[in-house]
Amino acid sequence: GIRPRMAALARDAVEELVTNAIYDAPTDESGRHIYADTDRRHVVFLPESARPRVELTIHGTNIAATMSDPHGSLEVATVRRFLAQGLRGDLSDKAGGAGLGFARIYGLVDRLIVHVVPRVRTEISFTLEAGTARRDPATRPTGLLLWSSNA
């Protein structure tokens, strides 16, 4: 019952989350993002302990996914900034990417949740109703929850 186009939207959102977790999340001891300026076409190898984890659930025609990384290096303010810039179409000229990832994910899904436990983990989840035609985003704003906590 999941429409192929909707499955492709979910795949694109998951791919964007994983790409961000691989290239933007890992930091060194000083907190510098190790691969943030690396071209996304360049292969990066992470040790098992530093790899992101993706969980995908399908219930009927609802798709839910959660990406978690063991770094906790994302800041909620950064999500807000990149989301606002992406929605305005402001492209970043940083070496690692255009900075449109969060805006792209936000536009693809029905609900987006970002939870950061600083220096411990980042969890980003989304849900997508994939059995019906996509409605106009102006009449269907994406639900958004951003928070940072110590546990």
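**Figure 1. Lining of the second largest pocket in the predicted model.** A total of 16 residues line the second largest pocket. Those that lie nearest its centre are Thr 27, His 71, Gly 72, Ser 73 and Arg 119. By residue class, the lining comprises 5 nonpolar, 7 polar and 4 charged residues. The volume of this second largest pocket is about 300 Å³.

**Figure 2. Helix 3 and its surroundings.** The buried residues are Gly 101, Phe 102, Ala 103, Ile 105, Tyr 106 and Leu 108. They pack against two helices, namely helix 1 (4–23) and helix 2 (76–88). They also pack against strand 3 (111–117), strand 4 (121–129) and strand 5 (143–148).

**Figure 3. Glu 16 and the residues it touches.** Glu 16 is located in helix 1. The relative accessible area of Glu 16 is 18%; because buried means under 20%, this residue counts as buried. When residues up to four places away in sequence are not counted, Glu 16 touches Gly 101, Arg 104 and Ile 105.

**Figure 4. Arg 81 and the ring of Phe 82.** Arg 81 lies over the face of Phe 82. The distance from the ring centre is 5.1 Å. As for pairs between aromatic rings, the count in the model is 0.

Key
Residues numbered from 1 in each chain as written. Predicted model: local features only at pLDDT ≥ 70, side-chain atom pairs only at ≥ 80, totals over all residues. Heavy atoms only, no water. Buried < 20%, exposed > 50% of the residue type's maximum accessible area, 1.4 Å probe, protein only. Helix = DSSP H or I, 4+ residues; strand = E, 2+ residues; numbered from the N terminus. Contact = heavy atoms within 4.5 Å. Phe/Tyr/Trp six-rings, centres within 6.5 Å; stacked < 30°, edge-to-face > 60°. Lys NZ or Arg CZ within 6 Å of the ring centre and 35° of its normal. 1 Å grid on protein atoms, 1.4 Å probe; cavity = no way out; pocket = protein on both sides within 12 Å on 5 of 7 lines; lining within 4 Å. Points joined across faces, edges and corners; volume = space filled by probe spheres on them. Nonpolar A, V, L, I, M, F, W, Y, C, P; charged D, E, K, R; others polar.
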